[in-house]
Amino acid sequence: MDAVRDVEIGMRKNKNWFEEYFDFAYHNTDLRTEILAGITTFMTMAYILFVNPAILSDAIGKDAIPSLVTATALSAGLATILMGLYAKKPFALAPGMGLNAYFTYGVVLGMGYSWQVALAAVFVEGLIFIALTLTKVRSAIIHAIPLSQKYAIGAGIGLFLTIIGMQEAGFVVDSPATLITFGAQNVAKPEFWLALFGLFLAAVLISRGIKGALLISILTTTVIGIALGITPAPDKLFAMPTLSHTFLQMDLKGLLSVGAIGVVFAFFMVDFFDTLGTITGLSAKAGFLTKDGKVPDAEKVLLTDAIGTTVGAVLGTSTVTTYIESAAGIEEGGRTGMTALVTGALFLIVGLFISPIAGVIPAYATAPALIIVGYYMLSAIRGVDFSDPTEAIPAFMVLVTIPFTYSIADGIGMGFISYAIVKTLSGRYKEVHPLLYILAGVFVFYFLYLGGVL
């Protein structure tokens with residue numbers, strides 16, 4: 001509460017400007033409420049400052065962690081501040097979970113592309129997002145993709161994160177007989193039990209409604225690991241920000257292949273629909289939706305998201321997207337861009353200087369966060385109508401293909417192709433948007449190319 005009071009005192013001179021610009025009276029809020037909401041949102045999503053560098057460093061290298069922390073904090077801070085000032089919504093942004101895992105484990109380690117090419121794919125995806133947001137093509141794409149497929153993609157990414165978290169924790173390992181199996185050989189290792197502790201700690205904190213549960217779990221598990229001598233303590237707590245390893249490292253020439261185009265498409269599809277679903281859900285919670293279910297100023301929100309992704313790629317991080325954790329600030333009463341302004345400022349003030357701490361955060365501390373985020377994302381599958389096999393079976397194909405192939409792109413492709421085939425052969429081809437047939441055809445070509453047939 002002291003932090004809230006200090007921030008409020010510092011802003012008091014500009015109080016009238018804030019009240020008028022964000023229209024506090026219309027939204028029935030005040031400066032103190034907005035500041036508290038902004039701090040709450042930051043606490044619930046600050047874990048990304050540790051998890052995103054940990055994931056991306058598996059592709060780029062551990063020596064890049066200081067730059068990745070800076071890129072994460074800068075992209076989150078700048079995009080969230082832009083959201084507050086331009087769209088005037090209490091939504092916060094940061095590099096997206098799932099997309100960062102796809103970047104590392106799908107594109108770089110899975111497909112064999114360099115991380116510079118992966119960054120270029122994110123950059124181009126952001127530019128496409130900007131172009132579509134400024135044109136009417138955006139609405140055409142929105143209407144072409146079935147709702148069941150959108151839900152399934154989100155849930156499939158949740159399972160993708162879960163299996164990565166299970167591997168990082170040592171709960172599952174590879175097996176020549178069954179592909180994966182229980183990591184019995186890891187039970188004797190202290191890291192296994194620390195990961196289990198972190199998972200249960202996060203689960204209990206979330207169940208008790210504690211804000212910042214994932215951040216608390218990560219830091220607590222790390223401190224215990226340091227105390228037990230399992231993890232080395234950082235030489236210092238703070239350091240000056242740097243982008244020496246990641247700034248302007250995009251390899252645009254490396255995108256000149258069919259496979260790389262598929263990567264761009266996968267990044268775009270997930271970013272576009274994840275953002276659309278997130279802002280719709282947050283707007284409903286905040287009471288912003290119109291009577292016909294539309295989000296006011298949706299173009300501004302989507303454009304902010306797209307700009308954040310493009311800038312993030314330049315800085316050196318994966319796709320930036322709107323975070324559902326913004327709901328925590330909305331729950332605290334945040335209703336205007338002032339909430340986002342506070343959250344963005346905290347990302348810059350705190351996040352830019354913590355690279356020494358992030359550098360010692362071990363995998364067993366971040367793995368539980370991946371599993372819990374997977375749990376959150378899996379809940380999207382409830383939106384699929386399982387009483388209709390023509391909707392549910394293609395959605396199921398997406399749900400299982402993404403984690404089992406370690407590829408979001410393959411899951412999206414399998415979903416589109418199966419949806420088009422099942423609907424058509426069931427005599428319900430009129431329910432398939434013409435654009436979806438085109439997208440399904442593109443993915444058929446993509447799979448044939450990957451299989452060496454073309």
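**Salt-bridge network**

I started with the charged side chains and found Asp388, Glu391, Lys423, Arg428 and Glu431 linked in a network of salt bridges. A salt bridge here is a side-chain nitrogen of Lys or Arg within 4 Å of a carboxyl oxygen of Asp or Glu. Before going on, I noted that this is a predicted model, where local features need pLDDT of at least 70 and side-chain atom pairs count only at pLDDT 80 or more, while totals for chains, interfaces and linings use all residues. I also noted that residues are numbered from 1 along each chain as its sequence is written, and that side-chain values use heavy atoms, with hydrogens and water left out.

The structure holds five salt bridges, and I looked up three of them. Arg428 meets Asp388 with N to O at 2.9 Å. This pair links distant parts of the chain, 40 residues apart: Arg428 is in the loop between α20 (408–425) and α21 (434–450), and Asp388 is in the loop between α18 (363–378) and α19 (389–405). Helices in these notes are DSSP runs of H or I with at least four residues, strands are runs of E with at least two, and both are numbered from the N terminus.

Next I checked Glu391 and Lys423, whose closest N and O atoms are 3.0 Å apart. This pair also links distant parts of the chain, with Glu391 in helix α19 and Lys423 in helix α20, 32 residues apart. Lys423 forms a salt bridge with Glu431 too, and there the closest N and O atoms are 2.5 Å apart.

Buried or exposed, how does Lys423 count? Lys423 is buried, at a relative accessible area of 0%. My cut-offs are under 20% relative accessible area for buried, over 50% for exposed, and partly exposed in between (1.4 Å probe, protein chains only). Glu391 is buried as well, and Asp388 counts as buried at 12%. Arg428 is partly exposed at 28%, and so is Glu431 at 42%.

**Helices α5 and α7**

I then turned to helix α5 (residues 48–60) and helix α7 (residues 99–108), whose axes come within 8 Å and cross at roughly 10 degrees. The axes are lines fitted to C-alpha atoms over the stretch in contact, with angles from 0 to 180 degrees between N-to-C directions. α5 and α7 are therefore roughly parallel to each other; angles under 35 degrees count as such, over 145 as roughly antiparallel, 65 to 115 as roughly perpendicular and the rest as oblique.

From α5, the residues making the contact are Ile48, Asn52, Ile55, Leu56, Asp58 and Ala59; from α7, they are Asn100, Ala101, Phe103, Thr104, Tyr105 and Val108. Contact means heavy atoms within 4.5 Å.

**Hairpin and positive phi**

Strand β2 (residues 172–175) pairs with β3 in the antiparallel sense over four bridges. Two strands pair if DSSP finds at least two bridges between them. β2 and β3 form a hairpin with three residues between them, and I found Ile180 in β3 to be the bridge partner of Asp174.

Leu179 lies in strand β3 (residues 179–182). Its phi is near 75 degrees, a positive value in a residue other than glycine. Most residues other than glycine have a negative phi. Leu179 is exposed, at 68% relative accessible area.

Leu248 also has a positive phi, near 50 degrees. I located Leu248 in the loop between α12 (213–227) and α13 (258–286), where Leu248 counts as exposed at 52% relative accessibility.
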